[in-house]
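Q: I would like to learn how to read a fold feature by feature. Can we take one model and work through it?

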Amino acid sequence: MKSIYRFIGATFILGMLVWTLTINLAIAPARATIRQLEEAPGQMVYQSRQTLKDQYANNWQAIAFKRVFPNGKSSFELRLVGFPGVVEIDRSKPLLLADSMGKTLAANDNSSIIFTDLSIPESNVGEYDIQPLLPQLQPEIPLSLTLPVIDGEAINLSVPPSFVQDWQTLFSSRE
């Protein structure tokens, strides 16, 4: 009889361990992998990709990338990509970055540099210069992005603190 109680106790403990691991893995924050590639001789691009959800539960890909030119200068942009046909980004307005403390920053649209045919740019893709804003962001304070759209309510994207940390790490890297 004692062995049955031991077996039940051991099974219960094992079940609790498996349950705890499963829950921890399911809610663990997603960390981005920083990728690097050489675009041209002496010109490197480092990028971090994450998925964000808007207020309608649509997925958006957020690609933060640092481009280092052969002359040593660099740029840092954030590209936001939604599903085609779902939204049309208003490129005449900036992307707004707001924290929960009431601080709002505006990122200029740089989308024109990513399209080879400016007469038909992809309406679901926007690219923004966030280099001057990164030092002002505090990753420990929740951040939201407001993406202006044509015809409709602006898109709101919540950015987890770990994503802002990744962006700042990428920005401050000396590569």
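Q: Which residues does D90 touch, not counting residues up to four places away in sequence?

A: This is a predicted model, which applies to everything that follows. D90 touches P148, V149 and I150, with residues up to four places away in sequence left out of the count. D90 itself lies in the loop between strand 4 and strand 5.

Q: Is D90 buried or exposed?

A: The cut-off for buried is under 20% relative accessible area. D90 has 12% relative accessibility and therefore counts as buried.

Q: How far is L147 from D90, in sequence and in space?

A: L147 and D90 are 57 residues apart in sequence, and their C-alpha atoms are 8.1 Å apart in space. L147 is found in strand 8.

Q: What surrounds L147, not counting residues up to four places away in sequence?

A: Beyond those sequence neighbours, L147 touches W60, L80, I89, L95, Y128, A154 and I155. L147 has a relative accessible area of 0%, so the residue is buried.

Q: Which strands pair with strand 8, and in what sense?

A: Strands of a sheet pair through backbone hydrogen bonds, and the pairing is either parallel or antiparallel. Strand 5 and strand 8 run antiparallel and are joined by four bridges. Within that pairing, L97 has L145 of strand 8 as its bridge partner. Strand 8 and strand 9 also run antiparallel, joined by five bridges. There, L147 stands opposite I155 in strand 9.

Q: In what order do the strands form the sheet?

A: Nine strands form an open sheet, and reading across gives 1-2-3-4-7-6-5-8-9 with antiparallel pairing. The edges are strand 1 (34-40) and strand 9 (155-159), each of which pairs on one side only. From one strand to the next, the twist averages 30°.

Q: What packs on the sheet?

A: Helix 2 does, touching strand 1, strand 2 (43-53), strand 3 (59-68), strand 4, strand 8 (143-147) and strand 9. The direction of helix 2 makes about 175° with that of strand 2.

Q: How many bridges join strand 4 to strand 7?

A: Five bridges join strand 4 to strand 7 (residues 125-129), and the two run antiparallel. One example is L80, whose bridge partner in strand 7 is G126.

Q: How do strand 1, strand 2 and strand 3 pair?

A: Strand 1 and strand 2 pair in the antiparallel sense over six bridges. Q36 has Y46 in strand 2 as its bridge partner. These two strands form a hairpin with two residues between them, and G42 in the turn has a positive phi of about 80°. Strand 2 and strand 3 also pair in the antiparallel sense, over ten bridges. In that pairing, S48 stands opposite A64 in strand 3. The hairpin of strand 2 and strand 3 has five residues between the strands, and A57 takes a positive phi near 70°.

Q: How many aromatic pairs does the structure hold, and why does the pair tie together parts apart in sequence?

A: The structure holds one aromatic pair. F76 and F171 form it in an edge-to-face arrangement, at 5.8 Å centre to centre and 90° between the planes. F76 lies in strand 4 (residues 74-81) and F171 in helix 2 (residues 161-172), so the pair ties together parts that are 95 residues apart in sequence. F76 is at 0% relative accessibility and counts as buried, whereas F171 is at 26% and counts as partly exposed.

Q: What is the volume of the largest cavity, and which residues line it?

A: Rolling a probe the size of a water molecule over the atoms shows where empty space is left. Here the count comes to two cavities of 30 Å³ or more. The largest cavity has a volume of about 80 Å³. L97, A98, D99, K103, L105, Q136, L137, Q138, I141, L143 and V164 line the largest cavity. Strand 5 (residues 95-99) gives the most to that lining, with three residues.

Methods: Residues numbered from 1 in each chain as written. Predicted model: local features only at pLDDT ≥ 70, side-chain atom pairs only at ≥ 80, totals over all residues. Heavy atoms only, no water. Phe/Tyr/Trp six-rings, centres within 6.5 Å; stacked < 30°, edge-to-face > 60°. Buried < 20%, exposed > 50% of the residue type's maximum accessible area, 1.4 Å probe, protein only. Pairing = 2+ DSSP bridges. Axes fitted to C-alpha atoms, helices over the stretch in contact; angles between N-to-C directions. Contact = heavy atoms within 4.5 Å. 1 Å grid on protein atoms, 1.4 Å probe; cavity = no way out; pocket = protein on both sides within 12 Å on 5 of 7 lines; lining within 4 Å. Points joined across faces, edges and corners; volume = space filled by probe spheres on them.
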